Amino acid sequence: MRRTTRSSLPARIAAYVFIALVLVVFTLPTLYAVLTSLQPPQVSLNPVPQWVFTPTLDNFVALFDESSFLGPVLNSVQSSVGSAALALAISAPAAYALSRAGVSSSGATGLWLLAARALPAIGLAVPAYAIFTRVGLSDTIVALLLVYLPFNVALATIMLKVFIDGIPRELDEAAALDGAGPLRTMLQVVLPVARPGLASVTIMTFLFAWNNFLFPLVLTGSQSATIPLVLQKFLGSYTLQWNQVMAGVVLLSLPLIVLGAIFGKYMVGGLAAGSVK
């Protein structure tokens, strides 16, 4: 017993050291972004990182005063929330139908969904630009929603099918005995049980649209630009507003932190449940 205790102590210390190193590696960029966002311009441009300074909120104020940052924020919210809602509305019935029809994820349908998800974004962005310009949808939120759709629906359908596969079919049979049709069974019986999966899919699809840079770069202009597109304008050839870039990065991260705090337990539980099925 003593040998086990002595031998496990170095292993536990090594585990704690490893965890501490991983935490430092993953949190250091976030800490640097937060600190830089609170620094005056002359401090943030110093090539040597400055850890002691007088913090200021002027960078956040300047984002909304000197640049039209509110419009891109609203555009990001509309495109991200809209794409997540559309993906859920389409993928939930599709995943339920594929699951209850007994379609294998490794079959032709699964490969088709994976192929849609693996499509290079630039391969869709350029043709989409030509089409949307021709039909008058260039520089609109609708254009972003349409190009996000194949990526998000494919991912959401694959993930939700895994969750719904794990829900006992006896629940469907019990609902059928009560007179419920397939639509009512899906809405009132299956989807409430699949809440962890829905939460995971919502966050993943929201993140895809919220952080996307390529599609807004190709398809938007002054009317529908999103936050990632606006931030790169602070990095000019002759000017570098590093403090405002980091202030924008912090603001860009806030909704993700809020979503993680609200749905984090559902997402972790859902991903863990999906990984073992």
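This is a predicted model: local features need pLDDT of at least 70, side-chain atom pairs count only at pLDDT 80 or more; totals for chains, interfaces and linings use all residues.
Residues are numbered from 1 along each chain as its sequence is written, and side-chain values rest on heavy atoms, with hydrogens and water left out.

The chain contains 13 helices and zero strands, where helices (H or I, at least four residues) and strands (E, at least two) are DSSP runs numbered from the N terminus. Of its 277 residues, 37% are buried, a term that denotes under 20% relative accessible area, with over 50% counted as exposed and the range in between as partly exposed (1.4 Å probe, protein chains only). Among contacts (heavy atoms within 4.5 Å) between residues at least 6 apart in sequence, 76% join residues at least 24 apart.

The structure holds five aromatic pairs, in which rings of Phe, Tyr and Trp (its six-membered ring) have centres within 6.5 Å, and planes under 30 degrees apart count as stacked, over 60 as edge-to-face and the rest as tilted. The ring centres of Tyr148 and Phe208 lie 5.8 Å apart with the planes at 80°, so this pair is edge-to-face. Because Tyr148 belongs to helix α7 and Phe208 to helix α10 (residues 195-210), the pair ties together parts that are 60 residues apart in sequence. Tyr148 is buried at 0% relative accessibility, and Phe208 is likewise buried at 18%. The rings of Phe151 and Phe215, with centres 5.8 Å apart and planes at 50°, form a tilted pair; this pair links helix α7 with helix α11 (residues 214-219) across 64 residues. Phe151 is buried at 3% relative accessibility, as is Phe215 at 0%. Ring pairs link Tyr148, Phe151, Phe208 and Phe215 into a cluster.

Asn152, also in helix α7 (residues 141-165), is buried with a relative accessible area of 0%. Leaving aside neighbours within four places in sequence, Asn152 is in contact with Ser83, Ala87, Thr205 and Phe208.

The largest pocket has a volume of about 170 Å³. A pocket is here an open set of points on a 1 Å grid over the protein atoms alone, where a 1.4 Å probe fits, with protein on both sides within 12 Å along at least five of seven lines; lining residues have an atom within 4 Å of a point. Helices α1 (2-37) and α13 (242-275) each supply at least two lining residues, and α13 gives the most, with five.

Methods: Grid points are joined across faces, edges and corners, and a volume is the space filled by probe spheres set on the points.
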